[in-house]
Amino acid sequence: MPDLRSVGYVIGLLVTVLGFTMLIPMVFDLIDGTYNWASFAASALISILVGMTLAISCANSVRSGLSIQQTFLLTSSVWLVLPVFGALPFFFGETGLRVVDAFFEAMSGMTTTGATVLVEIEELSRGIQLWRGLLQWLGGIGIIVVAMAFLPELRVGGMQIFRSEGFDTFGKILPRAGEIAQRISVIYLALTVMCALAYFATGMSGFDAVVHSMTTISTGGFSNYDLSFAAFGTLTEYFAVLFMMLAALPFVRFVQLMSGSAKPLLCDSQIRSFFVTALTLVVCLAVWKMTTMGMTGEEVFRKSLFNTVSLLTGTGYVSGNYMEWGGFAITLLFAAGLIGGCAGSTSCSIKIFRYQLLFESVKVQLRRIRTPHGIFTPQYDGRAVSDDVLNSVMSFFVFFFATLGVVSVALGLTGLDFTTSVSGAAAALGNIGPGMGDHIGPSGNFSGLNDLAKWILSFSMFIGRLELLAVFAIFTLRFWRS
């Protein structure tokens with residue numbers, strides 16, 4: 001049985017930090033003179049007291065390193081516990097959400113999924129709007145640290161292939177994670193500021209620019225408006241595309257760029273594949289719209305570009321109802337959401353590098369069939385790929401699509417239709433945001449779903465954000481016996 005006190009200490013600190021963060025939206029509501037400030041004050045007080053109590057009670061057991069069991073537990077527990085406290089302002093505040101809805105909204109925020117149960121968002125207090133942005137912004141920086149410091153060492157889904165580019169963590173995981181967070185936070189904050197300035201320059205209000213910059217760089221997709229980016233102008237969409245693409249790139253490349261080395265960023269095969277994939281999808285969608293819908297001009301390209309990049313990166317913004325674009329467009333955008341961005345970014349879903357390794361493995365197998373006595377080794381970015389990495393990647397694909405099937409069936413058993421069940425499962429597992437259909441598509445939201453479906457989707461967001469295997473491992477008997 002692993003010692004849980006070190007895990008409790010870190011979680012306690014994070015809950016405390018989250019509690020102090022609630023004071024920021026509280027100030028906005030206090031300035032605006034809305035009663036909602038009291039809900040943030042109460043939520044902050046509860047979070048700070050619980051977090052500090054947990055941290056202090058576990059402080060005597062803190063060591064310089066964590067075991068692999070503790071690391072698995074910490075990685076999973078953070079994304080399960082923080083949404084519980086993040087839901088408090090939604091439960092106590094003006095939104096008056098029930099427990100299931102408040103937890104769903106908070107989990108969607110922390111996992112940067114972007115699915116929402118709120119309506120008439122523009123009528124909510126600035127504190128609530130800012131809190132939604134802060135949840136996604138904190139979740140975005142958190143998942144980058146997890147992806148670079150934890151998942152490669154835990155050998156989850158082939159992420160160990162990036163160990164040489166990340167950081168040595170076992171035996172000293174807490175101080176090294178702090179170093180990772182410090183380096184990446186500077187870049188993360190800088191991108192957020194640049195994005196906010198760009199939005200402000202295109203006509204957004206200062207408040208909207210700040211909130212949308214946080215949900216853009218985190219590839220989260222929460223907006224202050226029910227219409228999402230359809231509420232803004234043309235130039236704003238282009239800037240959104242730029243920053244969504246930047247946020248979907250490996251942040252370790254930005255660290256190397258800051259150190260004076262641009263070559264890794266320019267020569268990364270994952271980045272090249274990501275841009276090629278995005279360009280291919282955009283061109284296919286634009287051509288489809290022009291040939292079948294008779295649409296021409298800049299708007300066709302812009303809408304195709306924006307919505308494709310939004311779903312590909314898992315951001316989930318929309319600028320139009322793509323359910324009206326025809327079957328091919330819907331299928332293409334659904335597939336885009338299951339691709340995702342680059343590893344080590346804030347984007348989600350399966351990730352580009354796994355598809356690269358999958359195709360490389362298939363190519364090698366075909367060559368072995370043609371030349372049975374030949375020796376062929378899979379390559380990634382110019383270096384050989386071990387069987388351990390390939391097995392991890394294949395296991396991830398199997399687990400992802402098997403889980404997608406199970407969640408889809410479970411949602412169907414709650415009474416949802418086929419389109420809502422399958423697209424909802426994909427949107428949650430891939431942390432994409434909007435689904436397909438009339439209920440949870442670009443013109444709808446998740447508020448009309450039954451409570452059981454919302455709990456299932458909340459759990460799906462949780463396991464999807466942590467690459468599935470990091471969570472499933474905890475449910476095995478061997479994990480607790482070792």
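## Largest cavity

The largest cavity of this predicted model holds about 70 Å³ of space. A cavity is a set of points on a 1 Å grid over the protein atoms alone where a 1.4 Å probe fits but cannot get out, and its volume is the space filled by probe spheres set on the points. Four cavities of 30 Å³ or more turn up in the whole structure.

Lining residues, which have an atom within 4 Å of a point, are L311, L333, F334, G337, S423, A426, A427, I432, P434, G435 and M436 for the largest cavity. Helices α15 (327-337) and α18 (418-429) each give two or more residues to this lining; helices are DSSP runs of H or I with at least four residues.

## Nonpolar surface patch

I46, V50, F91, F92, V99, L452 and W455 make up a nonpolar patch with about 620 Å² of accessible area together. Two or more of the residues come from each of α3 (37-58), α5 (88-92) and α20 (451-465), while V99 belongs to helix α6 (residues 99-110). Patch residues have over 30% relative accessible area (Shrake-Rupley, 1.4 Å probe) and no salt bridge, with nonpolar side chains joined within 5 Å.

## Salt bridges

The count is twelve salt bridges (Lys or Arg side-chain nitrogen within 4 Å of an Asp or Glu carboxyl oxygen). E237 pairs with K303 at 3.3 Å between the closest N and O atoms. E237 sits in α10 (residues 234-247) and K303 in α14 (residues 298-312), 66 residues apart.

## Confidence and conventions

Mean pLDDT (predictor's confidence per residue, 0 to 100) is 87 for the protein chain, with 90% of residues at 70 or more. Residues 164-175 stay under 50.

Local features need pLDDT of at least 70 and side-chain atom pairs 80 or more, whereas totals for chains, interfaces and linings use all residues. Numbering runs from 1 along each chain as its sequence is written, and side-chain values use heavy atoms, without hydrogens or water.

Note on methods:
Contact = heavy atoms within 4.5 Å. Patch = residues over 30% accessible without salt bridge, like charges linked within 9 Å, V, L, I, M, F, W, Y side chains within 5 Å. 1 Å grid on protein atoms, 1.4 Å probe; cavity = no way out; pocket = protein on both sides within 12 Å on 5 of 7 lines; lining within 4 Å.
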